[in-house]
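The sequence and the coordinates come first.

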Amino acid sequence: MKQQVSLREANQNFSRYIEAVERGEEVIITRRGKPIARIVKVSRLREPTAAQLRAWNLIKSSARELNIGKVIRDELHERGTRHG
C-alpha cells in the first residue's frame, strides 16, 4: 500500500512512517502537493538482471546512433510503467 504525506507530516512523525515502510508500505513525501521523495523497504531494491542491462545498453547505443542526446535511466523509469 502507498501513503502520501507532506514533508512537514513526515518530519513530525518520521518513526511512524519508517514503521510503515518496515511493514512493506511505500511512503511518498510531498512538498506543496508535489511528490519529492519515496521511502521503500531496502529489501525491495535490487540489481538489474542481465537482460535489463543488455536492454539498457541497447537504448544507450541507439541514442548515440540517432544523435538524440544523453539518455538518463531514471527519467525513462519515471515516465514508463512502474512495476512492484
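1. Surface. The protein has an accessible surface of about 7100 Å², and carbon and sulfur atoms hold 52% of that area. Areas were computed by the Shrake-Rupley method with a 1.4 Å probe, and for residues only the protein chains shown count as cover.

2. Basis. The model is predicted: local features need pLDDT of at least 70, side-chain atom pairs count only at pLDDT 80 or more, and totals for chains, interfaces and linings use all residues. Residues are numbered from 1 along each chain as its sequence is written, and side-chain values use heavy atoms, with hydrogens and water left out.

3. Confidence. Mean pLDDT (the predictor's confidence in each residue, from 0 to 100) is 83 for the protein, with 80% of the residues at 70 or more. Over residues 80-84 pLDDT stays under 50, and the model has 2 contacts beyond four places in sequence for this stretch. Contact here means heavy atoms within 4.5 Å. Where pLDDT is low, the predicted coordinates should not be read in detail.

4. Elements. The protein contains 4 helices and 3 strands, in the order β-α-α-β-β-α-α from the N terminus. Helices (H or I, at least four residues) and strands (E, at least two) are DSSP runs, numbered from the N terminus. Of the contacts with a separation of 6 or more, 24% are between residues 24 or more positions apart.

5. Sheet. The 3 strands form an open sheet in the order S1-S2-S3, and the pairing is mixed. S1 (2-6) and S3 (34-39) are the edge strands; each has a single partner strand, so one side of each lacks a neighbour in the sheet. Neighbouring strands are turned by 30 degrees against each other on average, direction ignored; the axes are lines fitted to C-alpha atoms, for helices over the stretch in contact, and angles run from 0 to 180 degrees between N-to-C directions. Strand S2 (residues 26-31) and S3 run antiparallel and are joined by 5 bridges, where pairing requires at least two bridges found by DSSP. Within this pair, Ile 29 has Ala 37 of S3 as its bridge partner.

6. Core. Buried residues (under 20% relative accessible area; exposed is over 50%, partly exposed in between; 1.4 Å probe, protein chains only) make up 18% of the 84 residues. The largest nonpolar core consists of 7 residues: Val 5, Ala 10, Tyr 17, Val 21, Val 27, Ile 29 and Ile 39. Helix H2 (14-22) and S2 are the elements that give two or more residues to this core. Such a core is a set of buried Ala, Val, Leu, Ile, Met, Phe, Trp, Tyr and Cys residues joined through side-chain atoms within 4.5 Å. Beyond four places in sequence, the contacts of Ile 29 include Val 5, Ala 10 and Ile 39.

7. End of S3. Ile 39 lies in strand S3 and is buried, at 18% relative accessibility. Leaving out residues up to four places away in sequence, Ile 39 touches Phe 14, Ile 18, Val 21, Glu 25, Glu 26, Val 27 and Ile 29. Arg 38, also in S3, is partly exposed at 41%.

8. Thr 30. Is Thr 30 buried or exposed? This S2 residue is buried, with a relative accessible area of 8%. Its contacts beyond four places in sequence are Gln 4, Val 5, Ser 6, Leu 7, Pro 35 and Ile 36.
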